[in-house]
Amino acid sequence: MIPITVTVGEATLAATLDDTTAGRDFAAMLPLDLTLSDFHGIEKVSDLPRAIDTSDAPASYEPATGDITIYAPWGNLAIFYKPFEESRGLVRLGAFDGPVHALEQDAPFDVRIERAD
């Protein structure tokens with residue numbers, strides 16, 4: 001488990017990355033300054049500077065509110081602020097430790113993701 005923070009404006013949200021190949025590879029990219037945009041009113045998305053190793057990840061995942069994921073076919077980060085159906089190519093990286101209300105704003109907006117340790 002890898003503790004991280006996601007700073008959205010004045011709010012700092014605590015999250016934890018999973019101890020998986022994909023979670024560790026994402027953590028190796030931190031810190032990241034990203035611009036999030038909205039996708040279908042359920043998730044915030046952003047391109048990443050490089051691909052993440054998803055070689056041992058399950059083929060699909062059903063995201064819950066607060067999940068931090070990557071959509072492997074496109075290589076983009078997807079942070080869910082509403083639950084969604086199981087989706088092929090979606091890989092969980094981790095999840096927020098509490099509410100994600102700060103993400104429920106009009107996009108695009110900037111965030112900073114960094115290790116908390």
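In this predicted model, Phe 96 is in contact (heavy atoms within 4.5 Å) with Val 6, Leu 13, Ala 14, Ala 15, Gly 66, Ile 68, Ile 79 and Leu 103, when its neighbours within four places in sequence are left aside. Phe 96 lies in strand E9, which covers residues 90-96; helices (H or I, at least four residues) and strands (E, at least two) are DSSP runs, numbered from the N terminus. With a relative accessible area of 10%, Phe 96 is buried, where buried means under 20% relative accessible area, exposed over 50%, and partly exposed in between (1.4 Å probe, protein chains only). The C-alpha atoms of Phe 96 and Leu 77 are separated by 14 Å, the two residues being 19 apart along the chain.

Residues are numbered from 1 along each chain as its sequence is written, and side-chain values use heavy atoms, with hydrogens and water left out. Because the model is predicted, local features need pLDDT of at least 70 and side-chain atom pairs count only at pLDDT 80 or more, whereas totals for chains, interfaces and linings use all residues.

Helix H1 (residues 21-28) is mostly covered, with six of its eight residues buried. These are Thr 21, Ala 22, Gly 23, Asp 25, Phe 26 and Ala 27. The strands against which the buried residues of H1 pack include E1 (2-8), E2 (11-17), E3 (32-39) and E9.

Strand E4 (residues 43-47) is largely enclosed by the rest of the structure, because four of its five residues are buried. Two strands pair if DSSP finds at least two bridges between them. E3 and E4 run antiparallel and are joined by three bridges, and Asp 38 has Lys 44 in E4 as its bridge partner. The two strands form a hairpin with three residues between them, and His 40 in the turn has a positive phi of about 60°. E4 and E7 also run antiparallel, joined by five bridges; the bridge partner of Val 45 is Ala 78 in E7.

The largest pocket has a volume of about 180 Å³. Of its 13 lining residues, those closest to its centre are Phe 39, Glu 43, Tyr 71, Phe 84 and Ser 87. On a 1 Å grid over the protein atoms alone, a cavity is a set of points where a 1.4 Å probe fits but cannot get out, whereas a pocket is an open set with protein on both sides within 12 Å along at least five of seven lines; lining residues have an atom within 4 Å of a point. E7 gives the most to the lining, with three residues.

Technical notes. Points joined across faces, edges and corners; volume = space filled by probe spheres on them.
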